Structure formats: C-alpha cells, structure tokens
Amino acid sequence: MIETHSAEETRTLGARLAKMLTPGDIVLLQGELGAGKSELARGVARGLGITGPVPSPSFTILNAYDEGSLPFYHFDWYRIDDPEEIAEMGFEEQLHGDGVSLIEWSEKAEEFLPERVLNVRIHTVNENTRQIYFEPRGGFLMSEDMLQ
C-alpha cells in the first residue's frame, strides 16, 4: 500500500508505475467515484510521454494515445451495461495489443480480461488522502519498491 496526499502525488505515482509497464500490460483501476482513478491514469499517461490532455473516457469508453513511448489505451467501463458491449465495440484488439491498457470500472466486464493483470485499488481516506493497493495477478511481475 502506498499513501498519497494530493492529486499531484497520485499522478506522480502513476508516472512511476508507467516506467515499469511493458507492451501488453493491463492495469485495472478500482475505487469509488472521485477516488482518483483518472488522476492515476493521467500520471501513467505522463510517464509514457503523453503531453496533451488526458480526459476521463466516461462517455467515449476508450481514449487511445499513440504519441508516447508505448500506445496507451485508457478505458472507462462505468457506462457498460452488458459485458458483450466490449466485444461488439471491437476493443479486444487494444486489450491484447502492443500497448498498455488501463481500465477503470473493469469489474463491469471481467470475462474479457486475461489472468495476467495488475489490479490497483484506490481507497479514499479523506478529501486529499488516498491509500493505493497494488495486487499483481496471474504472473504480473512487480515490486512495490519499484514505485518508491
């Protein structure tokens, strides 16, 4: 668990996380509305070298970025009502492609996820403080020391 005390610290942690990600990695972000999932995603984008705006893809489901060191696919499945929507929209290519996929609200369509993922849970302590838990699954390799 790593604790952050501002949106900027959460973005900085995301940038550190980006440095350890490799093509094909999938990161799942979990936490209630307003927990800081999009702030962590912005940090990952910055860490991959993306310089433009990184809005939450709440209405578009996917924002794709090609300008960084790796393609970055930022998904937000909050508005998914049926998991089959993922297949119908053709997102499997990005999920299993040559970039990094980061998914907010992944629990809406878990059947489309591989076993090897990094689950990141964000817990809101108070207005500024977040506790962020990293749970590698299915052979995803990482050490929390890498994020310090």
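Reader: What makes Arg 11 and Glu 39 a salt bridge?

Author: Their closest N and O atoms are 2.5 Å apart, and a salt bridge is a side-chain nitrogen of Lys or Arg within 4 Å of a carboxyl oxygen of Asp or Glu, so the pair qualifies. Bear in mind that this is a predicted model, where local features need pLDDT of at least 70, side-chain atom pairs count only at pLDDT 80 or more, and totals for chains, interfaces and linings use all residues. Residues are numbered from 1 along each chain as its sequence is written, and side-chain values use heavy atoms, with hydrogens and water left out.

Reader: Which parts does the pair of Arg 11 and Glu 39 tie together?

Author: Arg 11 lies in helix H1 and Glu 39 in helix H2 (residues 37-47), so parts 28 residues apart in sequence are tied together. Helices here are DSSP runs (H or I, at least four residues), numbered from the N terminus.

Reader: Why is Thr 10 called buried?

Author: Its relative accessible area is 3%.

Reader: How do you know what Thr 10 touches?

Author: Contact means heavy atoms within 4.5 Å. Not counting residues up to four places away in sequence, Thr 10 touches Thr 4, Gly 36, Glu 39, Leu 40, Arg 130 and Ile 132.

Conventions:
Buried < 20%, exposed > 50% of the residue type's maximum accessible area, 1.4 Å probe, protein only. Helix = DSSP H or I, 4+ residues; strand = E, 2+ residues; numbered from the N terminus.
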